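The stops below can be taken in order.

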Amino acid sequence: MTGLTGFPILSTITFLPALGALGIILFYKKEWTDLIKWTALGTSVVTFAVSLYLPLTFDMADPGLQWVEKTVWIERFGISYYMGVDGISLLLVLLTTFMTIICVLASWREINTKLKGYMALFLLTETFSLGIFMAMDLFLFYVFWEAVLIPMVFIIGIWGGVRKFYSAIKFFIFTFVGSLFMLLGVLAIYFYHGKVTGVYTFDSTILLLSPVAPAVQFWVFIAFFLGFAVKVPMFPLHTWLPDAHTDAPTAGSIVLAAVLLKLGTYAFVRFTLPMLPNASMAFAPLMIGISIFAIIYGALVTIAQKDIKKLIAYSSVSHMGFVMLGIFVFNIEGLKGSVMQMLNHGISTGALFLLVGMIYERTHTRMIGDYTGLFKELPVYGVFFLIVVLSSMGMPTTNGFIGELFVLIGAFKAHWVYAVFVAFGVLLGAVYLLWLFQRVFLGNFHYAGGHGLKDLGLREIIETAPLIILIFWIGLYPKPFLNVMDASLTRLVKQVETNYRKGNGEAVSPQASLDAAVVERKVE
Amino acid sequence: MEFTFLIPLLPLLGATVNGVIGSKLTKRAVGLIACLVMGAAFLVSVATFYKLMLLPEAERSVVVSFFTWISSGAFSVDIAFLIDPLSALMILIVSGVGFLIHVYSTGYMHDDKAYWRYMCYLNLFVFFMLMLVLGSNYLVMFLGWEGVGLCSYLLIGFWYEKKAASDAGKKAFVVNRIGDFGFILGLFLLYWSLSDLGAASLDYKTVFENVHLIDPAILTLIGLLLFVGATGKSAQVPLYVWLPDAMEGPTPVSALIHAATMVTAGVYMVARNNALYSLIPHVGNIIASVGIFTALFAATMGLVQNDIKKVLAYSTVSQLGYMFAAVGVGAYTAGVFHLMTHAFFKGLMFLGSGSVIHAMGGEQDMRKMGGLHSHMKITSVTFIIGALAIAGMPPFSGFWSKDEILWEAFEKGHVVIWAVGLLTAGMTAFYMFRQVFMTFTGECRADDHTKHHLHESPSSMTVPLIILAVLSAIGGIIGIPFFEEGTAAHQFLNPVFGHGGHEVHAEAAGAGHGSLEFILMGVSVAVGLTGIFLASLLYYAPMKKYAPSFWRPESIASGFKGLHKLLFNKYYIDEIYDYLVVDPIKRFCDWCLSFDLGVIDWFVNFAAWFTRLTAWASHKFDIYIVDGLVNSMSTLVTYNSTIWRRLQTGYLQNYALVFVVGVLIIIVRVLLG
């Protein structure tokens, strides 16, 4: 860690979970289930606690990367270990560290077999996800990007449901094939940049200074698109998602929805937009078209679902459409809405999966038709579920409203027709969510199993309550969250503009260039 | 007026306390908390009203900002309240009528198991309603707008074990969301047009100051989109269908939400945006036309309903239509005035019907009632006062407000609206008194068991009835048009509506109420009396004997069989919507799912299968062709070698022999060569 003057906080956060995982694997006997659980919980809590250092010391006015760690890794190829966090990734990092705690808690009783491996894999998922949000070196990014697949595939494949092998392999192949294209794109940029400037490097801040020619961007965009869009997932690359969600254990679904789905959209914001601005602009109509289609189509397919988990999975397709739309309308409001929605979707959809897991634990069925009138027997559960449903459908005073509002403003700014579709998507969201709530919670109590059900216990309330608090916090006082991303997104917009003009071969004033450049602030 | 934050906060506090620990408290405590916070909110509202009145007229528009809700770059929205005569009047209505209905509910809902949940929702509703009317910008209004919709959903479906109730709740929410779809687009179009002008804001003040700069074509669209929202919330054609179904909720809820307050939010919204709508009178005409058509349309359905609450529901839709007719033609004061009197008399009648239902053990069919007057005098008398008010009989409140609407429509040249309004007024008088006669007069048609249990409701229910009856009777005072300077309502609301060009015009004309207005008043009273008279011939026992043979319920029903059936089935609108909208969408959703699984996912699986097929084929190719070739080569070699192997016997003498023979051959070749 040469060139580092202070404490490597980002690496600490990233690798703490891996350390925990290593500890569990090396030193624990598989019978020590309680100890394993508590260690995993402890690790995730400590990681979250350490990650809270970031918002406490975050400089909102600074649009650049903070707490930067940079050290040469493979000099010959221009690969460095380069980590940094700015206003775009900070919230996603916190989301990851926070949701992992929820995931560990959600697995407390559900997972009874091979607990040791399970917890270790979960902690590894956290490490790799954090790595993706922090890596600023494209090679390092790629390494984390591929790495995160492995624990996830095992989590689905080993601890999953009925068709776990099918779903796990589908998930793996989809993302893996996508990533290969992404790697091609990364290499194309690497060699192109090297050939033009003589500097062969994977350092994204350097690559950003001189964007590749529009013709090259075109192909790289397609490659990146295939890599990122699978993870979002964008129509028509989405069919792995319902299967993966349905067969994943509860915590797997939560981490999939809350964290893994954000990787793709994050990568679009972080790399595609500023590195390939000309191609992004050129592809924007197509991207917007697909996003709008996904919003409406996803919602329509959601309405027709009969399995609660599948329903929520398909609703993600619709919700992530909002995020993608916000990215490709090319304005600050849309981007803000997107990043906000990434966070919101993580919280709300994560919470939905958590809640569905709780009822599944009791009844072992996920079919909507197997339940009616749960509200009567499980009032606390019903209230939680209702709040999350409302948040997911964008009710004012909840987080969903704030995100949808900004996406809507951004969409309107780009073209009013987009806004019409977005608003229509919001309307459809109310339909499937309320109908779900009605079918499951209202009516006379009945479920296929017959005997009575117990309402939520203390552990379950503790798991859910923080998410409920976040839902209202963001809904009522979103200012801190918006402020965090403000400077970085403003800079990003400038960056896109400047690079767009550079890509077109226009002259760019040094000042504009400087404004757009990523400023690093190392750890002091 | 910083203390105004208490007005919505108190009900929120009540909702929170009852929501969190209500299930552990006694019913008495729950009811006490809910009513106390409402009473306190009402008192603060009165204080606010009073303080506002102390200010000089020009300064009666106070913005109180509490904190910044959403801010990002140029976009900034505060949680802030606008206190002006309009909002002050609204908070009085909401908290006042709300308080009475809370008190009433303590009696009406007393035996319900989920009493605390009910009180929690009811308080929460009032919170959102107050936010709606107090907000000083469109987003706070929208917050309240969605919030009241949510509470309406929760309360309509309060008895969620009943499928009809939960269906009705969902229908209400979804239909409202369709309206909101227009509303939010209207908001953003407004915001965007203003930001083009450099006045990006959602604050009323800024918006109204700059709204005249917006391109009229765009402004028209904005006005229409906002009105789409109003048709959803305020149950106008074509989105009125949820309100009759909403009667599945407890009756006090129907009184508070689906008569007195929430459904008037659309009227409030248009009135609040008078600065905008005054600029686009053609949109106003559309609003007025939709309103008056709804008034008539709903009234025709009200004529034949037998459910005591359904009659009131259609009547509410109809009366809301009047209000839109008023605000549409630019008579904002008249619209808001009718909103207020309607809150009194319709709230009263709903509560009265609740009292009847309570006494009848849950029965809502008027054909099984009758003669209740002798059993429950307070309910009966107060209900009749309400009916007189809505029928437009002087001097009851409804007379003044309805008449002002009709007069202003006439006076502004909307003769058709006036005529349709008049016809509707006649119908209203008819079906209201049909209801009064069927319920309270004649023989009791209930079964003996029910008859035995008939009783007047407890004082917690009758006292609110009495108070509302008094208000229904005298609430019209503020709209009595016999003063030189116009009505008290006009004077009071002038700071809000005064700047609209329309209203100034009305004001000028309104000052000189001439003889024509008296004539029209006389006409509308005559029409109302005719309605009551016709109803009495049909349903009031002492009058029945004077009715000609064709004017009997049976002969009318058989004489106009088709029409009666059409009205009785509410024009089959629900069925038409189901057939044209709901079912196709459901089918389309199923189709999309089949497409997703059958085409897209099929393709994915096909790709996987195809890969496996090629893998299998390659495997076979490998074994039989590639490896086969190798193997056949080796077979060939082996085969050949079996031939040549014979040479290699391994015996030294054989080799020596061959060697010697070879050498000999070579020697012979050399010697011969």
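Two strands pair if DSSP finds at least two bridges between them. Helices (H or I, at least four residues) and strands (E, at least two) are DSSP runs, numbered from the N terminus. The model is predicted, so to speak of local features a pLDDT of at least 70 is needed, side-chain atom pairs count only at pLDDT 80 or more, and totals for chains, interfaces and linings use all residues. Residues are numbered from 1 along each chain as its sequence is written, while chains are lettered from A and ligands numbered from 1 in the order in which they are written.

**Stop 1: the hairpin in chain A.** Select residues 65-74 of chain A, strand β1, together with β2(A); the two run antiparallel and are joined by six bridges. Pick A:T71, and its bridge partner in β2(A) is A:Y81. Four residues lie between the strands of this hairpin, where A:G78 takes a positive phi near 70°. Strand β2 of chain A (residues 79-85) has six of its seven residues buried. Here a residue is buried if 20 or more other C-beta atoms lie within 10 Å of its own, exposed if 12 or fewer, and partly exposed in between, with C-beta atoms placed from the backbone.

**Stop 2: backbone exceptions in chain A.** Select A:K114, in the loop between α4 (87-106) and α5 (115-134) of chain A. A:K114 is not a glycine, yet has a positive phi of about 50°. A:K114 counts as partly exposed because it has 14 C-beta neighbours inside 10 Å. Next, go to A:H364, in the loop between α15 and β3 (371-372) of chain A. A:H364 also is not a glycine and has a positive phi of about 55°; with 10 other C-beta atoms within 10 Å, A:H364 is exposed.

A:P233 sits in the loop between α10 (214-231) and α11 (240-247) of chain A. In the loop between α10 and α11 of chain A there is also A:P236, and the peptide bond from A:F235 to A:P236 is cis, with omega near 0°.

**Stop 3: the interface.** Select the residues of each chain that are in contact with the other (C-beta atoms, placed from the backbone, within 7 Å). The selection takes 38 residues from chain A and 36 residues from chain B. On the side of chain A that touches chain B, α19(A) gives the most, with eleven residues. That side divides into 28 nonpolar, six polar and four charged residues. Ala, Val, Leu, Ile, Met, Phe, Trp, Tyr, Cys and Pro count as nonpolar, Asp, Glu, Lys and Arg as charged, and the others, Gly among them, as polar. The predictor gives the complex an ipTM of 0.88 and a pTM of 0.89.

**Stop 4: around A:L325.** Display A:L325 and, beyond its neighbours within four places in sequence, its contacts, among them A:I288, A:V407, A:Y418 and A:V422.

**Stop 5: chain B.** Colour chain B by secondary structure to see 28 helices and two strands. Along its principal axes, the C-alpha trace of chain B spans about 160 × 70 × 55 Å. Of its 673 residues, 52% count as buried. Now colour by pLDDT, the predictor's confidence in each residue, from 0 to 100. The mean for chain B is 89, and 97% of its residues reach 70 or more. Finally, select residues 500-511 of chain B, where pLDDT stays under 50 and the model has 24 contacts beyond four places in sequence.

Notes
Two residues are in contact if their C-beta atoms, placed from the backbone, lie within 7 Å.
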